[in-house]
Amino acid sequence: MRQKRLIRAVLWVVMAVVLTGCVKNEFKVTFNVGADVNRTYTLVYYASDRTKGRLVESVVNLQKGNGEMPGMIVNPCLVYLSASGGKSPQTVFYVERGDEISVTGSGSDPVGWKISGNKITDALTGWRLANKAAIEEARKEGGAAAVNSAVAAYVKAHPEDPVSTLLMLCYFDRRADEALFRRTWALLKGEAAEAKWKELTSRSDMLADVPSDDKLPARMVLNTIATGCDTIVTGRVPMIIYFAKNNVESYSNDIDTLRQLTREYRDSARRIIADISLEPDSSARWYTARGDSLRDAVRGWMPLGVSDSLAKAMGVSRVPYVIVAGRGGAVLYRGDDMKTAAGKFRGAMK
């Protein structure tokens, strides 16, 4: 009897190994989205194995809503789906090798389609369909708040679910609300906090850890025009720091706003107003700075751009970029809207 049980156990193990070995390094996406859809769609994903990886962009032409796309992968990946020539993809799903993904629905907009095939994709679809209106609103300028709020609510309710991590990385607009992003990211724990989920997106702003508290370095040593070197001490007085290059479209208007702030708050001992150029060419930096008539402000220079160690420490990943901090060093604003930044700075000066 024991011998028969042992034989059965061995057979089960052998079958499991054989079945596992039969899983091919591929996945398939099948579309059935309504007879009135005759359009081309793009699917982008990163196919990788232990040694290498490549970005794959595939196209599927739907005829009367039907179509099929095969894909080749080894490691799990995210697939971004959008109408060819359309706006940035707002539809994403998760695949592992061997998956058969089904896309159903109606209409030509992938945001409203049901995508299924594994538990993570099913959950991503459920969240997307429940928040379809917010996602559509986010396509408009300044419309990210509703999506960010919806993502934050899901994470708060499911802090250990990897879907929460993927929603943070794929749908949350970090530029629109850095503070909420940090607070919400800090809620992730357990499996959701594992690095593999973050690695799926390969986002440059996620290479380092994301502390929940948004703090600036206590001391910032800058190359400057007036003295060659200057040190900014954070937390002592309110401060607004503007990072840009000469070719930034809003540069002239942004400098005008900084100039107005220096006139409103003439006592430089009570505030810090700084303009830091990320121009790699020193002559271009000096020429522009001398001609823009911005006075009574710190005129800094970071020729290494966002690769500068101080830029990284301050969380500067793009231009234009503005940081406002109050007394005590608490960051009040991060982003690229100088009008909003100026309002935060004026509030801190009261």
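Where is the place of Glu-160? Glu-160 sits in the loop between α4 (145-157) and α5 (162-170), where helices (H or I, at least four residues) and strands (E, at least two) are DSSP runs numbered from the N terminus. The structure is a predicted model, in which local features need pLDDT of at least 70 and side-chain atom pairs count only at pLDDT 80 or more, while totals for chains, interfaces and linings use all residues. Residues are numbered from 1 along each chain as its sequence is written, and side-chain values use heavy atoms, with hydrogens and water left out.

Glu-160 is partly exposed, with a relative accessible area of 47%; on this scale, buried means under 20% relative accessible area, exposed over 50%, and partly exposed in between (1.4 Å probe, protein chains only). Leaving aside residues up to four places away in sequence, Glu-160 touches Lys-189, Gly-190, Glu-191 and Ala-192, contact being heavy atoms within 4.5 Å. Between the C-alpha atoms of Glu-160 and Lys-64 there are 40 Å, the two residues being 96 residues apart along the chain.

Lys-64 itself belongs to the loop between β3 and β4. Although Lys-64 is not a glycine, its phi is positive, at about 55 degrees. With a relative accessible area of 59%, Lys-64 is exposed. A positive phi, near 55 degrees, is also found in Asp-296, a residue other than glycine. Asp-296 lies in the loop between α9 (282-291) and β13, and counts as exposed at 53% relative accessibility. In the loop between α10 (309-314) and β14 lies Pro-320. The peptide bond leading from Val-319 to Pro-320 is cis, with omega near -5 degrees.

Strands of a sheet pair through backbone hydrogen bonds, either parallel or antiparallel. Here two strands are taken to pair if DSSP finds at least two bridges between them. Strand β2 (residues 39-48) is joined to β3 in the antiparallel sense by 10 bridges. Val-44 stands opposite Glu-57 in β3.

An open sheet of 4 strands with mixed pairing has the order β4-β1-β7-β8. Both β4 (66-72) and β8 (114-116) stand at the edges with a single partner strand each, so one side of each is left without a neighbour in the sheet. Strand β7 (residues 100-104) and β8 run antiparallel and are joined by 3 bridges. Within β8, Ile-115 is the bridge partner of Val-103.

Strand β9 (residues 219-224) has two faces: Met-220, Leu-222 and Thr-224 form the covered one, and Arg-219, Val-221 and Asn-223 the uncovered one. In a regular strand the side chains alternate between the two faces of the sheet. β9 pairs with strand β10 (residues 230-233) in the antiparallel sense over 4 bridges, and the bridge partner of Val-221 in β10 is Thr-231. A further 2 bridges join β9 to strand β13 (residues 298-301), again running antiparallel. Thr-224 stands opposite Gly-300 in β13.

Helix α11 (residues 338-349) has 12 residues and reaches 16 Å from its first C-alpha to its last, close to the 16 Å expected at 1.5 Å a residue; the expected span is 1.5 Å times one less than the number of residues. Its buried residues are Met-338, Ala-341, Ala-342, Phe-345, Ala-348 and Met-349. Seen down the axis of α11, these fall within an arc of 120 degrees, so they line one face of the helix; the arc is that of the directions from the helix axis to the C-beta atoms. The buried residues of α11 pack against β11 (239-244), α8 (251-264), β12 (272-277), β14 (321-325) and β15 (331-335).

A search of the whole structure finds 0 disulfides, a disulfide being a pair of cysteine sulfur atoms within 2.5 Å. The closest cysteine sulfur to that of Cys-77 is in Cys-170, 11 Å away, too far for a bond. Cys-77 counts as buried at 3% relative accessibility, whereas Cys-229 is partly exposed, with a relative accessible area of 46%.
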